[in-house]
Amino acid sequence: MARTEHRAGDPVTAEMVTAEMLALLTEWAQINATARGRRYGTVYALVLEMGRWYRPAAFPAGHSRRRGPAKACHRNAARLAAAVPGLCYIEGFAAPDLGDGQVLPVEHAWCADGEVVVDPTWHDPPGRAYLGIPLTLAYRDQVLRARPRERRCDAVLDAWASPGLLIEGVPAHAIDLP
């Protein structure tokens with residue numbers, strides 16, 4: 001997939017950011033070939049296959065007191081999804097607004113109301129593109145409780161903390177479908 005060329009001063013569209021993010025994730029997914037007995041070589045490949053795109057939006061003013069601290073996106077999103085009926089917890093990759101047209105997808109968690117992002121961690125402007133897997137909070141809690149202490153982290157989609165993830169993928173019962 002060809003990378004998007006961008007010249008300083010040119011406007012950067014949402015489509016350009018999405019295409020660049022898709023190209024980078026596809027490139028990164030191919031770095032680790034799938035090993036025998038594994039369905040996915042990387043978490044990038046898993047999210048590319050099982051994830052869906054979400055539309056960035058400003059954080060709803062009515063929920064401003066529910067924002068969380070930086071670098072705690074998984075906890076922030078889980079708390080928000082638990083507190084606000086109708087919001088779904090999502091893990092995947094997002095491209096923050098770096099302000100210069102550059103795209104760098106990072107591991108991230110957020111909520112969604114349908115296809116619209118509700119990101120309790122990144123302040124406005126929100127990320128430029130979001131690709132993730134909607135997970136039930138029950139599944140998230142189950143995975144996090146089952147991890148040994150030395151593999152504790154707040155992300156479900158973490159191949160080191162959840163090695164079975166690349167073997168089997170995310171089970172169908174764990175996907176939060178509207």
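Student: How many aromatic pairs does the structure hold?

Tutor: This is a predicted model, and the structure holds five aromatic pairs. Ring pairs link Tyr54, Trp110, Trp122 and Tyr130 into a cluster.

Student: What makes two rings a pair?

Tutor: Rings of Phe, Tyr and Trp pair if their centres lie within 6.5 Å.

Student: Why is Thr121 called buried?

Tutor: Buried means under 20% relative accessible area. Thr121 has a relative accessible area of 6%, and is therefore called buried. Thr121 lies in the loop between E4 and strand E5.

Student: Which residues does Thr121 touch, leaving aside those up to four places away in sequence?

Tutor: Thr121 touches Gly68, Pro69, Ala70, Lys71, Ala72, Cys73, Asn76 and His108.

Student: How do you know that strands E2 and E3 pair?

Tutor: Pairing requires at least two bridges. Seven bridges join E2 (residues 88-95) to E3 (residues 106-113), so the two strands pair. They run antiparallel, and Phe93 stands opposite Glu107 in E3.

Student: What makes E3 and E4 a pair?

Tutor: Three bridges connect E3 with E4 (residues 116-118) in the antiparallel sense; the requirement is at least two, so E3 and E4 pair. Cys111 stands opposite Val118 in E4. E3 and E4 form a hairpin with two residues between them, and Gly114 in the turn has a positive phi of about 70°.

Student: How do you know that the charged end of Arg67 sits over the ring of Phe59?

Tutor: The distance limit is within 6 Å of the ring centre, and the charge must also lie within 35 degrees of the ring normal. The charged end of Arg67 is 4.1 Å from the centre of the Phe59 ring, and sits over that ring.

Notes: Residues numbered from 1 in each chain as written. Predicted model: local features only at pLDDT ≥ 70, side-chain atom pairs only at ≥ 80, totals over all residues. Heavy atoms only, no water. Helix = DSSP H or I, 4+ residues; strand = E, 2+ residues; numbered from the N terminus. Buried < 20%, exposed > 50% of the residue type's maximum accessible area, 1.4 Å probe, protein only. Contact = heavy atoms within 4.5 Å. Phe/Tyr/Trp six-rings, centres within 6.5 Å; stacked < 30°, edge-to-face > 60°.
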